[in-house]
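Dear colleague,

I am passing on the structure we spoke of, and I would be grateful if you read the notes below with the coordinates open beside them.

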Amino acid sequence: MSVSEKIENGPGFEPPLITGGQTFASVSRKISEITERKTTITWLLAFGAAVSVLLLLFGSVGYLFWEGTGIWGLNVPVAWGFDIVNFVFWVGIGHAGTLISAVLFLFRQRWRTSINRFAESMTLFAVICALLFPSIHVGRAWLLYWVFPIPNQMGMWPNFRSPLLWDVFAVSIYFTCSLMFWYVGLIPDLATLRDRAVTRVRRIVLGILSFGWRGGNRQWKNYELAYLILAGISTPLVLSVHSVVSTDFATSIIPGWHTTIFPPYFVAGAIFSGFAMVMTLAVIARRLLHLEDFITLGHLEKMNKIMLVTGMMVGYAYGCEFFIAWYSGNIYESFAFVNRAFGPYAWAYWIMVSCNVLVPQVFWIKKWRTSILVMFVASILINVGMWFERFVIVMSLARDYLPSSWDYYKPTIWDIATFVGSFGLFFTLFLLFAQFVPMIAMSEVKAVLPAADPHHGGKH
Amino acid sequence: MATVSTERVYSVLAEFGSPAELLCAAEKVRDAGYQKFDCHSPFPIHGMDAAMGLKRSKVGYIAGICGLCGGAFAMWLQWWTSTVDYPIVISGKPLFSFPAYIIVTFGLTILFAALGAVIGMLHLNRLPQWFHGLFYSESFKRFSDDAFFVSIDADDPRFDADRVRVFLESIGGRNIEVIRGA
């Protein structure tokens, strides 16, 4: 083994973040070209498929507004069904964006630059899908404004002691902050697109959208600090949003829900599922758009490690819940958990455990951790598992204190159509993003190239 | 193109080859006593604030004050709506059950601070600003791609197009351009 090989394999060695000998110009060109060229056939086919599924959403939501929530499988005792499962599922997915853009930024994890735009966009779209479900579950969607503290002729105000209202604030603030974070990050890249524009329409539209950015250090100075502040204040949001979502359950007195482990357990699960979704999309986009030099195997491997860690946390939470249920000596609590694992929804419970606890264990092995096929399949299975996690939690309702009120919840065709349709919304938005917005933060990637360091090869 | 008499000079632009060269140039422009100048780059360059002699950005103060206002407003709103304007006892809790109000207070603190950071940043940067003299330059467009520029503004008290041009040349600037426009 030569000396250089030893250094490369030794501790503390950082392989280059961006490969393929990229220059500043090649970064601009490769990323911008994706948004400038004519749409490809693959994109059109995918877009057509996504819009078709989106129409399914429009249809099922339209029928819901016409007929009411009776078209869903909800009933007492399971008064919350697919709608809250899907809400928590989508909000959870929407957590990777802030984790990557804010937390990893504060920890100076420079590898985030290749995937942050991607993850932030995915977050926005996932949160839009999430917001859909509680909004349509209220039944009278036209009265939705009651959730906001708006002075009204009835002289009423929202109940600020309710976790459902906390949710409204937590999720809508999360969406607003993520949107600002995303757009601020986009300004320099939109300026790049503006300066490359050849048609008049593009020049005008991109000129307006980029606010007249001139990249002077007097602008960068304020920009960088604003970005740092956004990262700093968004970091508690990563922890708070899903914690607040978990209080929807934890503040109730339903066995299996009323536990203090819920906030951290939900947050770990959210990051876990969010990274899985970023992985699924990154693997596809990287292949189709030839971004292998930007989203390298190194990036994917790091994400797999995060999934391994958060998957173990989720697994620990599953175990801990069982332990506490037994240790508490509370018969209802113990019953709720035995019922989860061996009751009528045992099939869902074991899907959840296999997908969330067993599947990520493949990432212990470097060969599998760096295999595109393994990580792609694993990321999909993890999201299946995370959907079932929420399903299992919500189905605690099916067997509550009184055996006479027990029931078996089954979704109707409309529940399923709305859920499938939300994927149409997600992928339609994502495909539009992939076609029209730079997928990778060019100015940030340029800043991590070796040539960007003022001490690189210079005399300074 | 308009006639020469209606045109004015906006600034002088010089290109530099690398982040390191731009950093050296910034120090020299600063030491030569120019104040209204800027260094344009596709990405922020570490150490440029010191090289240009710039103070720390004020965005932090704006965001901090906005955040505190947001938190205070949220607590006030929840107190006023649930004890004064619409007092209803819910699950036997006191009217001003402030522990339950922390989450919305926290949320609005973050929201206002984030809005303060973004709007404050745009305000300090005078954005959106869709017209600027530098946009007359064709070569300036490359700042967002891979080029590094120093621009010295005509508003600078020491500005004189010819002297600035010679000065920028002497510190290693290339493709020097006097930017004129209507």
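Where pLDDT is low, the predicted coordinates should not be read in detail.

The secondary structure of chain A consists of 17 helices and zero strands. Its radius of gyration is 24 Å, which agrees with the value near 23 Å that a compact globule of 460 residues would have, and 47% of the 460 residues of chain A count as buried. Among the contacts in chain A with a separation of 6 or more, 82% are made by residues 24 or more positions apart.

Chain B is assigned two domains, domain 1 (4-57 + 133-181) and domain 2 (59-124), and the centres of these two domains of chain B, taken over C-alpha atoms, are 44 Å apart.

As for the contact between the chains, 59 residues of chain B touch 53 residues of chain A. The elements of chain B that give two or more residues to this side include helix H1 (19-31), strand E2 (37-40) and helix H3 (59-85), while H4(B) provides the largest share, 13 residues. By class, the side of chain B that touches chain A holds 35 nonpolar, 17 polar and seven charged residues.

With best wishes

Conventions:
Residues numbered from 1 in each chain as written. Chains lettered and ligands numbered in written order. Predicted model: local features only at pLDDT ≥ 70, side-chain atom pairs only at ≥ 80, totals over all residues. Domains from an automatic or database assignment. Contact = placed C-beta atoms within 7 Å. Helix = DSSP H or I, 4+ residues; strand = E, 2+ residues; numbered from the N terminus. Nonpolar A, V, L, I, M, F, W, Y, C, P; charged D, E, K, R; others polar. Rg over C-alpha atoms; globule rule 2.2 N^0.38 Å. Buried ≥ 20, exposed ≤ 12 C-beta atoms within 10 Å, placed from the backbone.
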